[in-house]
Amino acid sequence: MIALLLRDLRLAVRAGGGFGLGLAFFLIVTVLIPFGVGPETGLLSRIAPGVLWIGALLACLLSLDRIFALDWEDGSLDLLATAPLPMEGIVTIKALAHWITTGLPLVLAAPALGVLLSLPPSGYLWVLVSLALGTPALSVIGTFGAALTVGLKRGGLLLSILVLPLYVPTLIFGAEVARRGAEGLAVQTPLLMLAGISFGTLALLPFASAAVLRINLR
Amino acid sequence: MSIWEYANPVKFIRTTDRILPWVSVAAVLCLVTGLVWGYFFTPDDYRQGATVKIIYLHVPAALMAINAWIMMLVASLIWIVRRHHVSALAARAAAPVGAIFTVIALATGALWGQPMWGTWWAWDPRLTSFLILFLFYLGYMALWSAIENDDTAADLTSILCLVGSVFALLSRYAVLFWNQGLHQGASLSLDKEENVADVFWYPLLVCIAGFVLLFVALVFLRTQTEIRARRTRALLARESRT
Amino acid sequence: MTVRDLAVGRGGVPVLEGLSFTLAPGRALVLRGPNGSGKTTLLRTIAGLQPAFGGTIEGAGERIAYAAHSDGLKSMLTVTENLRFWAQVFAQSDIEPALDAFDLRGLEDRPAATLSAGQKRRLGLARLMVTARLVWVLDEPTVSLDTASVARFAEAVRGHLAEGGSALLATHIDLGLNEAEVLDVTPFKAAPRVSLEDEAFL
């Protein structure tokens, strides 16, 4: 399992692995927002937490179809299925690799991009915390979507349609933590809910992803 | 004689063929009675005026939008556990009907909201929940149409329906938390205090019955169509192989 | 490994049925049959990738190392990295014998992307040796191999058999494995019939 994680990480940072693409996308979206809504600082600082969350979510979505597609094409997925690894373990490791290569950089970059959007000083901590807690859920849910659409031609668009509704609760609670934090309000309730969603999906969704992947390999 | 006998496609078609005309007629009768009664023979509300009458479309459609999803969930579970093809096809058949009910609920909600709240759309928890439900319907139908092998599609959509139901429920509470809304409380609760007045209540019940019957009739009809389409393909496949 | 009265199919349509054979340790079995006769489907079923329609497979499961048409190589990883990854997945560590057996010396640090088709195939087959599994299930293992490499592959199979392993191969060419039994799957072709999932609708 650790070998699989290391391999996926190594593949991501090698040429053509797409590491950093999500990060670049996140940066560009964040830069484009002020062009769209105007440069007024008050407005920007008010919407900054939400924009950072939406940007992170879209950047995450962008790289989902790579989770299984490459392994499917070159036959490794078949071979992994016959290896002595449980399918649930494989999908969990895949989600973890996706989070490390996509989610984690987004979390770390978010405060820097917060400067561009004049995020209030009190918001930095909570944007960081909410993304750190929420992006694993995005990766796990996305892995489920990727498992559903593996092997489909033009699965990318379908993947977005399937995954985005599933992202709603995570987005609501995550952005709420960031927003309340930025405004100096109490964050406990949404923070607990966000943590609940993250841990809940991490515990349960791999079973659904593995079932779906087995059906697709058949 | 067990209920699972109806899971046989041929038996299902034969039985529903017999029931379908009655259900259809009953649906039309209920809808006509309920709507005519509601629109022409009830007084205007003292606060909301004539706009209140959109309730006769709005509430039943909203109710059935949720019930259709629940029916799909049950059908998906039956498919996963017992692998009856009719069950999977019924879930598939119900999805577009449920989606249209959701659209009706949203559209009538907008029409109602305009004179009442002064806006076509508000990010009210209930409206938002229905919008999200609509997105779930879209994803479900998109997945069905994207996969070529019917049994694989049935398996995958069933699991999506299961997972989607959990997330739809989560979204419902997330949205409630996110924005306390303008929407009035439940129109239909057993608690008399917050209920609508009897004079609106009875035609509403008839309308709800009409919508339920309409849903049943449409799902029967659409499931029959799905079964016949599968049967045609099976016959063609047999012909080409022998 | 024992297969009894096995029926397999693809997309719900039965392809082969009534298939029975035994593969003892130290023995090899070569499957023959024209294209589309169901060899790949049979091997995928035995490897556990798809459910059987009927019959039983004993002694398979965790003892099988499966190699398909595609090698499952990552083009951005080097030969050693590819091999070491699969060794770790199967909880092994020694990849040296595999490198020797398939003549991959001198290529160790080349990314798989720069290998020729035959070299890739050799690397894909070398993967079998690092799985430490007893039953090799091979689907067209000699595609794009030259004569010398085919001989080297046959040698590797022979070595595996000598160590008490066994091999099930689907192939069209003669490997020079004289001791191998041959099973032609053509007689087991399933009667033309609609798929099981369609049957419910007739």
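How many bridges join strand 3 of chain C to strand 7 of chain C, and in which direction do the two strands run? In this predicted model, the two strands are parallel and four bridges hold them together, with strand 3 covering residues 28–32 and strand 7 covering residues 166–170. Within this pairing, C:Ala28 has C:Ala167 of strand 7 opposite to it.

Five strands of chain C make up an open sheet with parallel pairing, and their order across it is 5-6-7-3-8. The edges are taken by strand 5 (64–67) and strand 8 (181–184), each of which has a single partner strand, so one side of each lacks a neighbour in the sheet. On average, and with direction ignored, neighbouring strands of the sheet are turned by 15 degrees against each other.

Helix 5, residues 147–162 of chain C, lies across strand 3, strand 6 (135–139) and strand 7 of chain C. Relative to strand 7 of chain C, helix 5 of chain C runs at about 145 degrees.

Chain A has nine helices and zero strands, which gives the pattern α-α-α-α-α-α-α-α-α along the sequence. Its radius of gyration is 18 Å, close to the 17 Å that the globule rule gives for 218 residues, so chain A is as compact as a globular protein of that length. Along the principal axes, the C-alpha atoms of chain A fill a box of roughly 55 × 35 × 30 Å. Buried residues account for 55% of the 218 residues of chain A. Of the contacts in chain A with a separation of 6 or more, 81% are between residues 24 or more positions apart.

Chain B has six helices and zero strands, in the order α-α-α-α-α-α from the N terminus. In chain B, 43% of the 242 residues are buried. Among its contacts between residues at least 6 apart in sequence, 78% join residues at least 24 apart.

An unreviewed UniProt entry places the feature "transmembrane region" at residues 20–42, 54–81, 93–112, 127–147, 159–179 and 199–221 of chain B. Two of these stretches can be described from the model. Residues 54–81 of chain B are 96% helix and 0% strand, with the end C-alpha atoms 41 Å apart. Residues 199–221 of chain B are 100% helix and 0% strand, and there the end C-alpha atoms are 34 Å apart.

Chains A and B also touch each other. Chain B gives 21 residues to the contact and chain A gives 18 residues. On the side of chain B, the elements that supply two or more residues are helix 4 (125–146) and helix 5 (150–178). Helix 5 of chain B provides the largest share of that side, 12 residues. The side of chain B that touches chain A consists of 17 nonpolar, three polar and one charged residues.

Methods
Residues numbered from 1 in each chain as written. Chains lettered and ligands numbered in written order. Predicted model: local features only at pLDDT ≥ 70, side-chain atom pairs only at ≥ 80, totals over all residues. UniProt positions renumbered as here; feature names shortened; annotations may be inferred. Rg over C-alpha atoms; globule rule 2.2 N^0.38 Å. Buried ≥ 20, exposed ≤ 12 C-beta atoms within 10 Å, placed from the backbone. Contact = placed C-beta atoms within 7 Å. Nonpolar A, V, L, I, M, F, W, Y, C, P; charged D, E, K, R; others polar. Pairing = 2+ DSSP bridges. Axes fitted to C-alpha atoms, helices over the stretch in contact; angles between N-to-C directions.
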